[in-house]
Amino acid sequence: MTAVEDRPGTRPRRPDVEPGQLFIGGRWTETAARFDAVDPSTGKTLTSVARASAADVDAAVGAARAAFDGWAATPGRQRARVLHRVADLVRARADEIVAVESADVGKPVSLCRAVDVETVAEQYEYYSALAQGLDGATRQIPIPSHAYTRREPLGVVAAITPFNFPLVLSTSKIAPALAAGNTVVHKPAEDTSLSALLMAGLLAEAGVPDGVLNVVTGFGSEIGDALLTHPGVAKIAFTGSTAVGRHAASVAGQGLKPVTLELGGNAAHIVFEDADVEQAVGAAIKAFVFNTGQFCMGGPRLLVADALYDTVLAALAEAVPHVPVGDPFDPATVVGPMAGERHRAKVEHYVEQARADGGRIIAGGGRPAFDGDVAGGFFVQPTVIADLPDSSSVVQEEIFGPVLTVQRFATEDEAVALANGTPYGLAAGLQTTNLARAHRVAARLQAGIVWVNDWAMLDPALPFGGVKDSGFGREYGPESLDSYTRTKSVVISLA
Ligand code: NAD
């Protein structure tokens, strides 16, 4: 699909990407309509992608249903071997995967290699191991019988994923779903669908049978409902915005389909007066610039104790302008472009709103200027805004870009109230040297994951997910397999 040089001392090159087709029943399938995939670091078209219709969705679900019985009956140990081969192939072809994902998403190559590609390999290894142990249990009941439970796959899973972590978030559905014996129809985000196609080819190469994984590219507004309402779909696994997630949940409700929802976030990061300031500022910057702020579990709201407020603001004003922003294909880049023009427009809207709401911009606030290849990219400067009222939409809503608001608090109770004071509840964090406070506050924060004295500590073994408007259900960990299996009790009379 691509070629790229990415050796020590060599700057990786943008790939040449072939036009994308649908992947249905193990075959590449053409569509009448297509749409462009744009490289957000240049603003130029990278390639074109097949634009699926409802009929294509129907064909993909049909292929997944046809493949289900065979894959579900395949011994877990054999499924495990296939998934492990996927992990090996991901590592072997990391250069190619990094090139495609970085060009499509604008993701810095260093981040993409260390985080995205490595996490995908680790997820396949992790669920490969769990695929071997999906056992039921024997139960003792007072009826003369042999009673036991079986864990069975659900059927066809509709996996719908967002634009910001295409590889990682599709894998967090596909790997556990396949490990448990389900088949999948994956619909990646229209902005960033290329790595889904690359992975479909790679899974086939690893031995995933035809029809077990199908990929339909296209627009959610055009094919989303065809997938959500399809009678052949047994389960919906959705990651994306809260607005679309609400829609998916209501449609799933009509069809009485189990659904997991990984939705938006707006995490608070609390710096208590007993924090290590240098560590806290480093973590605060990481939390809001990671993945160019397009991170559902990013930390865009910094809450700082009165005693440290001026010190932390001064440290941010000094450090943030030095965060390397630029060409994602430069290995030194930490912050690339926004993944699309509309995403940049959204960030700029919030920065303007911050000015209107009386916010004080202490770093960034505009666009960086570049020459050469990336002159037309969708860049924004990492931006820090102080002194906004808590009621500002800039504080309350999800910006999803490299923007940090900083608020002050007087007491632990006030910090917790501010942290819990938005509709979201995906992640949260705190900085403290007081162990008792770490446990006490972690327990009070309304979030699916809480980090203490660092940010974004994630692992396939550790479940994450939301509360409140951030959704429900858990991905990662053995917990993820619970949402891709159902338990059946079998009771054999011994009377
Ligand atoms: P989005 O909701 O716009 O799109 C997500 C997916 O839903 C895309 O594939 C899209 O095509 C599809 N879609 C759109 N309309 C649909 C419909 N009517 N029916 C079915 N599918 C439809 O989200 P986005 O802009 O791609 O992603 C950003 C959002 O995702 C942010 O809110 C972010 O916080 C969230 N997110 C959450 C997590 C998490 O784990 N909780 C992870 C990453 C991103």
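Domain 1 (22-263 + 470-490) and domain 2 (268-459) both contribute residues to the shell around the ligand, so the ligand lies between them; the domain bounds come from an automatic or database domain assignment. The model is predicted: local features need pLDDT of at least 70 and side-chain atom pairs count only at pLDDT 80 or more, while totals for chains, interfaces and linings use all residues. Residues are numbered from 1 along each chain as its sequence is written, and side-chain values use heavy atoms, with hydrogens and water left out.

The ligand is surrounded by 29 residues (a heavy atom within 4 Å of the molecule). The closest are Thr 161, Glu 190, Ser 241, Leu 263 and Glu 398. By class, the shell comprises 14 nonpolar, 10 polar and 5 charged residues (Ala, Val, Leu, Ile, Met, Phe, Trp, Tyr, Cys and Pro count as nonpolar, Asp, Glu, Lys and Arg as charged, and the others, Gly among them, as polar). At least two shell residues come from each of α7 (220-228), β10 (233-239) and α8 (242-255), and α7 gives the most, with 4 residues (DSSP runs, helices being H or I of at least four residues and strands E of at least two, numbered from the N terminus).

For Thr 161, a polar backbone atom is 2.8 Å from an oxygen atom of the ligand, and for Phe 163 a backbone N or O atom is 3.2 Å from a ligand oxygen. The ligand exposes 850 Å² when taken alone, of which the protein buries 90% (Shrake-Rupley method, 1.4 Å probe).

Definitions and conventions:
A polar contact is a pair of N or O atoms within 3.5 Å; within protein, one must be able to donate a hydrogen and the other to accept it, and residues adjacent in sequence count only if both atoms are side-chain atoms.
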